[in-house]
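Dear colleague,

Please find below the sequence and structure that I am handing over to you. My notes on what was found follow directly after.

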Amino acid sequence: GDHRTSGGGREEALVAEIERRTKSLEVVYLGNFAWMKGPSRDDEAASGGDARDASHVSRACRVLATHQALSPFFPDTSKVLDIIREHEGAEALASSVLGAGVAAAMMMTRDPTALAVQIVRALAYDHGDRGWAWTEARPSPDADGGRSPSPLAGSAATGIEPGTTGRVGDVVEDDDEAAYAMETSRCLYHSLFAAEGTPGLVAATCCAVDGEAWFRRVPARHGVRVRRTESLGAGDGRCVIRVRRRRDAARFVASSGEYQGKRS
């Protein structure tokens, strides 16, 4: 290990310091969720928060505490970000195993695009209703009469708020590649880190290491791509994750709020 952070009981001292800082930050950020709202559209009313929000707050506090404790030892802040990113899911072996699992699932399913949508939606399910405001969009079933897009019902059970087709950028009927997208204009991690003056930390957490990263080992032959095309951490006004399919794939339809994949 680095001589500045290892040996002579330094590891134990750093762990204790990170724990102390984490608890101090939790007192501030778990005590009142008002800060979590962040900038959002008028129609994105935040809930009172739940156990999922609290879990992510604790995780964000630990990330921030780790950054605060390690930064004095690393003039190059990118080194600290790399350490945090590894512990947040980007560690090579863990990332490889997860990626291989997703690739295997894609190989075994009859509908890789529908499975990709389910996996991406699970990311939003894991997020709390107050820290994020996920909305979703899908192409409308225009093949049978050219019906216009209809709103998609959100649910507290899924953690995804109501959205409308075409709301997320290029998810429109004349784009044969667009299958699904979800967006949020607020992120718990970004809000907390920004409040502490370290918004760049979001690059080592949340969908910077989840979501798109899970699909990097999926072979092109499965005809599905998952991309994070916008990010609050990069200075965009929202985070957007898109699922795309090959242009020659059959049309996909949404019915009763559920993604149904290819028609039979």
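A contact here means heavy atoms within 4.5 Å. On that basis, residues 24 or more positions apart account for 73% of the contacts with a separation of 6 or more in the protein chain.

Before the details, two remarks on the source. The model is predicted, so local features need pLDDT of at least 70 and side-chain atom pairs count only at pLDDT 80 or more, whereas totals for chains, interfaces and linings use all residues. Residues are numbered from 1 along each chain as its sequence is written, and side-chain values use heavy atoms, with hydrogens and water left out.

Overall architecture

The protein chain has six helices and eight strands, where helices (H or I, at least four residues) and strands (E, at least two) are DSSP runs numbered from the N terminus. Their order along the sequence is α-α-α-α-α-β-β-β-β-α-β-β-β-β. Of the 264 residues in the protein chain, 45% are buried; buried means under 20% relative accessible area, exposed over 50%, and partly exposed in between (1.4 Å probe, protein chains only). The accessible surface of the chain comes to about 12,700 Å², and carbon and sulfur atoms contribute 53% of this area. These areas come from the Shrake-Rupley method with a 1.4 Å probe; for residues, only the protein chains shown count as cover.

Val 63 belongs to helix H2 (residues 51-70) and counts as buried because its relative accessibility is 4%. Beyond its neighbours within four places in sequence, Val 63 touches Ile 84, Glu 88, Phe 193, Leu 201 and Thr 205.

In helix H6 (residues 188-195), the buried residues are Leu 188, Tyr 189, Ser 191, Leu 192 and Phe 193. Their cover includes helix H1 (10-29) and H2. Just after H6, Gly 197 adopts a positive phi of about 80°.

The cavity

The structure contains one cavity of 30 Å³ or more. A cavity is a set of points, on a 1 Å grid over the protein atoms alone, where a 1.4 Å probe fits but cannot get out; lining residues have an atom within 4 Å of a point. The largest cavity holds about 50 Å³ of space, the volume being the space filled by probe spheres set on the points, which are joined across faces, edges and corners. Among the residues that line it are Cys 187, His 190, Thr 205, Cys 206, Cys 207, Arg 228 and Cys 239. By class, the lining has seven nonpolar, four polar and one charged residues. Here Ala, Val, Leu, Ile, Met, Phe, Trp, Tyr, Cys and Pro count as nonpolar, Asp, Glu, Lys and Arg as charged, and the others, Gly among them, as polar.

The cysteines

How many disulfides does a search of the whole structure find? The search finds zero, a disulfide being a pair of cysteine sulfur atoms within 2.5 Å. Cys 187 is in none, and the nearest cysteine sulfur, that of Cys 206, is 4.0 Å away. Cys 187 is buried at 4% relative accessibility, and Cys 239 is buried at 5%.

Cys 206 sits in the loop between H6 and strand E5 (224-230) and is buried at 6% relative accessibility. Its phi is near 50°, a positive value in a residue other than glycine. Most residues other than glycine have a negative phi.

With kind regards

Note on methods: 1 Å grid on protein atoms, 1.4 Å probe; cavity = no way out; pocket = protein on both sides within 12 Å on 5 of 7 lines; lining within 4 Å.
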